[in-house]
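Please look at the structure below.

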Amino acid sequence: MPIEIERKFLVVGETWREVPAVYYAQGYLNRDKARTVRVRIANNQAFLTVKGANQGARRCEFEYPIPVPDARELLCLCEQPLIEKYRRNILHAGFVWEVDEFLGENTGLVVAEIELPDESTEFERPDWVGLEVTNDSRYYNANLSRYPYIQWQNND
């Protein structure tokens, strides 16, 4: 079974903006705690992804390419609002960091994720990586679709 081991951090500063970004649109057909089903379009490619429940930084993940026209239709069936963001892939100390700058109802939120081969893998943090939010479910994309950042950012 494919396993994703991912840690998530808030982003600080501006140096991460030096890398070109790709626009992503994604929506959720299912946001159950035990599983999520996501549709995503990025760079003229589309994917259907099923993810299991988080167990710390680990969860199962199955991702399949689908035709872009099908993905556009599926996005219309997704729960609203859709997640829109710019993603930058930044190589740092042997790892790729995915930096997501959210748009729409999640404007103002910037999160960096790193996928690791093992939960105990050590890594060097770039200077633009701030507070770790791996275990804070508010920052999961599926939850940002249900409870957008603008609704809770002033309550911290």
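This report covers the cysteines, one glutamate and several salt bridges.

## The model and its cysteines

This is a predicted model. How many disulfides does the structure hold? The count is 0. A disulfide needs two cysteine sulfur atoms within 2.5 Å. The sulfur of Cys76 has its closest cysteine sulfur in Cys78, 8.5 Å away, so the gap is too far for a bond.

Are these two cysteines buried or exposed? Cys76 has 62% relative accessibility and counts as exposed. Cys78 has 5% and counts as buried.

## Glu101 and its surroundings

Glu101 sits in strand S7, which covers residues 95–102. Its relative accessibility is 15%, so Glu101 counts as buried. Which residues does Glu101 touch, leaving aside neighbours within four places in sequence? The contacts are Trp16, Arg17, Lys85, Tyr86, Arg88, Leu109 and Val110.

One of these partners also makes a polar contact: the side chain of Arg88 meets the side chain of Glu101 at 3.0 Å. Arg87 is 14 residues away from Glu101 along the chain, yet their C-alpha atoms are separated by 6.4 Å.

## Salt bridges

Side chains of opposite charge can pair when their charged atoms come close. The count here comes to 18 salt bridges. One of them joins the side chains of Arg35 and Asp32, at 3.2 Å from N to O. Both ends are partly exposed: Arg35 has a relative accessible area of 38%, and Asp32 has 36%.

Another salt bridge pairs Arg87 with Asp100, at 2.7 Å from N to O. This pair links distant parts of the chain, 13 residues apart: Arg87 lies in strand S6 (residues 79–92), and Asp100 lies in strand S7.

Lys51 forms a salt bridge with Glu61, and their closest N and O atoms are 3.4 Å apart. This pair also links distant parts of the chain, 10 residues apart. Lys51 is in strand S4 (residues 45–52), while Glu61 is in strand S5 (residues 58–66). Lys51 is buried, with a relative accessible area of 8%. Glu61 is buried as well, at 18%.

How values were computed
Residues are numbered from 1 along each chain as its sequence is written. This is a predicted model: local features need pLDDT of at least 70, side-chain atom pairs count only at pLDDT 80 or more; totals for chains, interfaces and linings use all residues. Side-chain values use heavy atoms; hydrogens and water are left out. Buried means under 20% relative accessible area, exposed over 50%, partly exposed in between (1.4 Å probe, protein chains only). Helices (H or I, at least four residues) and strands (E, at least two) are DSSP runs, numbered from the N terminus. Contact means heavy atoms within 4.5 Å. A polar contact is a pair of N or O atoms within 3.5 Å; within protein, one must be able to donate a hydrogen and the other to accept it, and residues adjacent in sequence count only if both atoms are side-chain atoms. A salt bridge is a side-chain nitrogen of Lys or Arg within 4 Å of a carboxyl oxygen of Asp or Glu.
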